[in-house]
Amino acid sequence: ESGTTLETYDKAIRDSSVFEELYACRNVRPSFCTPLGLWGGMLYTGLFYVMLGGKEPWTLKHHGADSDTLVPAKDAKKIEYPRPDNKLTFDLLSSVALSGTNHEADQPAHLTLKDDSVPIERNYAIYDGPEGRFCPAGVYEYVPEEIGDGYKLQINAQNCVHCKTCDIKCPSQNINWVVPEGGGGPTYNGM
């Protein structure tokens with residue numbers, strides 16, 4: 001047998017306070033995805049997590065992948081967000097700057113596409129390019145083609161704050177996110 005295994009890692013996590021906290025809140029998010037919706041989730045969370053400490057002997061299941069919940073753009077209402085007021089709300093790139101994100105320019109790309117045709121042929125055509133909306137750091141943007149009409153997906157990996165939303169929410173599961181070399185990414189100094 002070759003390769004590295006993390007046998008001791010699992011035991012170390014299970015014996016730590018981290019596991020205790022994660023286990024206690026394991027049912028919070030799935031409780032909101034029941035037929036009782038928001039109010040049922042709040043009631044469940046209040047009773048079992050807040051009052052009883054998350055010690056229920058069962059674990060609720062997530063039903064399906066988060067990326068499967070995205071609806072086609074033609075079936076969704078367009079949301080018009082107000083412009084940032086720079087007091088309570090701020091523009092995207094200023095917020096990314098606060099994270100202290102830094103990636104070395106000469107490292108291999110940590111965000112790649114499995115198939116370069118998918119963003120335009122599927123994601124843009126059906127969902128109106130959701131990558132530009134679900135990424136909190138503005139990593140993905142659709143820009144006009146340099147020659148001819150149409151758009152292309154541009155990946156601004158230097159803005160990535162490593163939240164992995166793209167890996168979870170992409171409807172085609174076409175984005176390949178890997179850990180960058182050399183510890184690059186957000187530092188959140190002073191936060």
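**View 1. Five aromatic pairs turn up in this structure, which is a predicted model.** Let's start with phenylalanine 48 and tryptophan 58: their ring centres sit 5.3 Å apart and their planes meet at 75 degrees, so this pair counts as edge-to-face. Phenylalanine 48 belongs to helix H4, while tryptophan 58 is in the loop between H4 and H5, so the pair ties together parts that are 10 residues apart in sequence. Tryptophan 58 has 38% and is partly exposed. Look for tyrosine 44 here too: ring pairs join Tyr44, Phe48 and Trp58 into a cluster.

**View 2. Tyrosine 124 and tyrosine 142 make a tilted pair, because their ring planes are at 40 degrees, with the centres 4.9 Å apart.** Which elements does this pair tie together? Tyrosine 124 comes from helix H6 and tyrosine 142 from strand S2, so the link joins parts that are 18 residues apart in sequence. With 27% relative accessibility, tyrosine 124 is classed as partly exposed. Tyrosine 142, at 16%, counts as buried.

**View 3. Helix H6, residues 118–127, has a buried side made of Val118, Pro119, Asn123 and Tyr127.** Why do these four end up on the same side of H6? They cover an arc of only 80 degrees around the axis, and that puts them on the same side of the helix. Now check out the face turned away from the buried side: Glu121 and Ala125 are there, and these residues are exposed. What do the buried residues of H6 pack against? Their partners are strand S1 (111–113), helix H7 (131–134), strand S2 (140–144) and strand S3 (151–155). Just past the end of H6, have a look at the backbone of aspartate 128, which takes a positive phi of about 60 degrees.

**View 4. Glutamate 56 is a buried residue that has no salt bridge.** You'll find glutamate 56 in the loop that runs between helix H4 (37–51) and helix H5 (92–98). Which side chain of opposite charge is nearest, and how far away is it? That would be arginine 26, at 4.5 Å. Glutamate 56 does have a polar partner, though: its side chain makes a polar contact with the side chain of asparagine 27, at 2.8 Å. Leaving out residues up to four places away in sequence, glutamate 56 touches Tyr23, Arg26, Asn27, Tyr44 and Phe48.

**View 5. The model's salt bridges number six, and three of them are picked out here.** Side chains of opposite charge can pair when their charged atoms come close. Take aspartate 15 and lysine 11: their side chains meet in a salt bridge at 2.7 Å, N to O. Both aspartate 15 and lysine 11 are exposed. Next up is lysine 74, which bridges to aspartate 75 with the closest N and O atoms 3.3 Å apart. Lysine 74 and aspartate 75 are both exposed as well. Then there's the bridge between aspartate 167 and lysine 164, at 3.1 Å, N to O. Buried, partly exposed or exposed: where does each of these two residues fall? Aspartate 167 has 27% relative accessibility and counts as partly exposed. Lysine 164, at 30%, counts as partly exposed.

Notes
Residues are numbered from 1 along each chain as its sequence is written. This is a predicted model: local features need pLDDT of at least 70, side-chain atom pairs count only at pLDDT 80 or more; totals for chains, interfaces and linings use all residues. Side-chain values use heavy atoms; hydrogens and water are left out. Helices (H or I, at least four residues) and strands (E, at least two) are DSSP runs, numbered from the N terminus. Buried means under 20% relative accessible area, exposed over 50%, partly exposed in between (1.4 Å probe, protein chains only). Lys and Arg count as positive and Asp and Glu as negative; His and the chain ends are not counted. A salt bridge is a side-chain nitrogen of Lys or Arg within 4 Å of a carboxyl oxygen of Asp or Glu. A polar contact is a pair of N or O atoms within 3.5 Å; within protein, one must be able to donate a hydrogen and the other to accept it, and residues adjacent in sequence count only if both atoms are side-chain atoms. Contact means heavy atoms within 4.5 Å. The arc is that of the directions from the helix axis to the C-beta atoms. Rings of Phe, Tyr and Trp (its six-membered ring) pair if their centres lie within 6.5 Å; planes under 30 degrees apart count as stacked, over 60 as edge-to-face and the rest as tilted.
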